[in-house]
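Visitor: Could you take one part of this structure and look at it closely, working outwards from there to whatever surrounds it? I would like the terms spelled out as you go.

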Amino acid sequence: YKIMAVKRPTFKLVLLGEVGVGKTSLFVRLKDDTFLEDTKASIGVDFCETLVKVEGEEVRLCIWDTAGVERFRTMTQGYYRHADAALLVFSLADSASLRLLTSWAREVNDRTVTSNSPVLKIIVGNKSDLEHRTTERTAAELAATYGCELVLQVSAKTGEGIDEAVQVIAGKLLARS
Ligand code: GDP
Ligand code: MG
């Protein structure tokens with residue numbers, strides 16, 4: 001008899017947002033469930049896969065990190081190719097990082113116009129462990145304007161809200177697939 005390969009639903013997620021908001025820290029948290037004080041140690045590692053269980057179903061998430069090139073907005077077309085979701089990350093402790101997500105939301109739209117299905121955009125508020133300098137209302141307005149889902153309050157550092165965020169994101173992707 002043959003062992004059947006289990007075909008799990010698989011989704012590609014790309015991390016976007018300003019330098020310093022914690023994309024690489026989220027990447028490391030999702031990959032190894034840990035926090036590195038020095039994310040420079042993870043440079044060069046810009047792609048990982050993780051299995052999550054959503055509504056009793058195993059889902060594979062392929063997560064891509066910019067590896068620092070967001071500073072120059074030089075992500076390649078390959079970065080966006082076949083992306084199912086874009087995580088637009090801002091820091092809850094940095095209001096400019098939220099404001100600047102408008103340009104990231106537009107960038108996603110511009111770079112994925114030729115995709116078969118529209119990319120799910122999710123605004124993610126990171127660094128919930130720090131004092132907040134952004135409001136929920138501003139984030140909600142931005143999400144409404146650009147047609148994004150909103151996941152507020154995660155911390156790559158403490159792990160707060162991470163599991164919930166993964167459930168929400170994978171759940172939305174499953175529901176659309
Ligand atoms: P990136 O440029 O978006 O990849 O951001 P990094 O992941 O390199 O993080 C930038 C800085 O923010 C680093 O000093 C991280 O240690 C710190 N950082 C990332 N996530 C958190 C968090 O959830 N809480 C706190 N307090 N600091 C964080
Ligand atoms: Mg980084």
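Guide: What follows begins with the ligand site and the helix beside it, and then moves on to other helices and a strand.

The model is a predicted one, in which local features need pLDDT of at least 70, side-chain atom pairs count only at pLDDT 80 or more, and totals for chains, interfaces and linings use all residues. Residues are numbered from 1 along each chain as its sequence is written, chains are lettered from A and ligands numbered from 1 in the order in which they are written, and side-chain values use heavy atoms, with hydrogens and water left out.

Of the 19 residues around ligand 1, those that come nearest are Gly20, Lys23, Ser25, Thr39 and Asp129, where a residue is near if one of its heavy atoms lies within 4 Å of the molecule. This shell divides into five nonpolar, seven polar and seven charged residues; Ala, Val, Leu, Ile, Met, Phe, Trp, Tyr, Cys and Pro count as nonpolar, Asp, Glu, Lys and Arg as charged, and the others, Gly among them, as polar. The largest share of the shell, three residues, comes from helix α1 (residues 23–32); helices (H or I, at least four residues) and strands (E, at least two) are DSSP runs, numbered from the N terminus.

Oxygen atoms of ligand 1 lie 2.7 Å from a polar side-chain atom of Lys23, 2.9 Å from a polar side-chain atom of Lys127, and 3.0 Å from a polar backbone atom of Gly22. The protein covers 82% of the 580 Å² of accessible area that ligand 1 has on its own, as computed by the Shrake-Rupley method with a 1.4 Å probe.

Lys23 lies in helix α1 and, at 4% relative accessibility, counts as buried, a word that means under 20% relative accessible area, with exposed meaning over 50% and partly exposed in between (1.4 Å probe, protein chains only). Its side chain also reaches the backbone oxygen of Glu18 at 2.7 Å, within the limit for a polar contact (a pair of N or O atoms within 3.5 Å; within protein, one must be able to donate a hydrogen and the other to accept it, and residues adjacent in sequence count only if both atoms are side-chain atoms). Leaving aside neighbours within four places in sequence, Lys23 is in contact with Leu15, Leu16, Gly17, Glu18, Asp65, Thr66, Glu70 and Val89, contact being heavy atoms within 4.5 Å.

Eight of the ten residues of α1 are buried, so this helix is largely enclosed by the rest of the structure. Those residues are Lys23, Thr24, Ser25, Leu26, Phe27, Val28, Arg29 and Leu30, and what covers them includes β1, β2 (47–54), β3, β4, β5 and α6. After α1 comes Asp33, whose phi is positive, near 50°.

Helix α4 (residues 101–111) has Leu101, Trp104, Ala105, Glu107 and Val108 as its buried residues. They cover an arc of only 160° around the axis, which puts them on the same side of α4; the arc is that of the directions from the helix axis to the C-beta atoms. This buried set packs against β1 (10–16), α2 (77–80), β4 (85–91), α3 (95–99), β5 (120–126) and α5 (136–146). Within it, Glu107 counts as buried at 14% relative accessibility, and a polar contact of 3.0 Å joins its side chain to that of Tyr80. Beyond its neighbours within four places in sequence, Glu107 is in contact with Arg73, Met75 and Tyr80.

In α5, the buried residues Ala139, Leu142, Ala143 and Tyr146 cover an arc of only 100° around the axis, which puts them on the same side of the helix. What covers them includes β4, α3, α4, β5 and β6 (149–151), while the face turned away from this buried side carries the exposed residues Arg137, Ala144 and Thr145. Gly147, with a positive phi near 65°, follows α5.

Finally, Trp64 lies in strand β3 (residues 57–64) and, at 25% relative accessibility, counts as partly exposed. Not counting residues up to four places away in sequence, Trp64 touches Lys12, Leu13, Val14, Leu15, Phe27, Asp46, Phe47, Gly78 and Tyr79.
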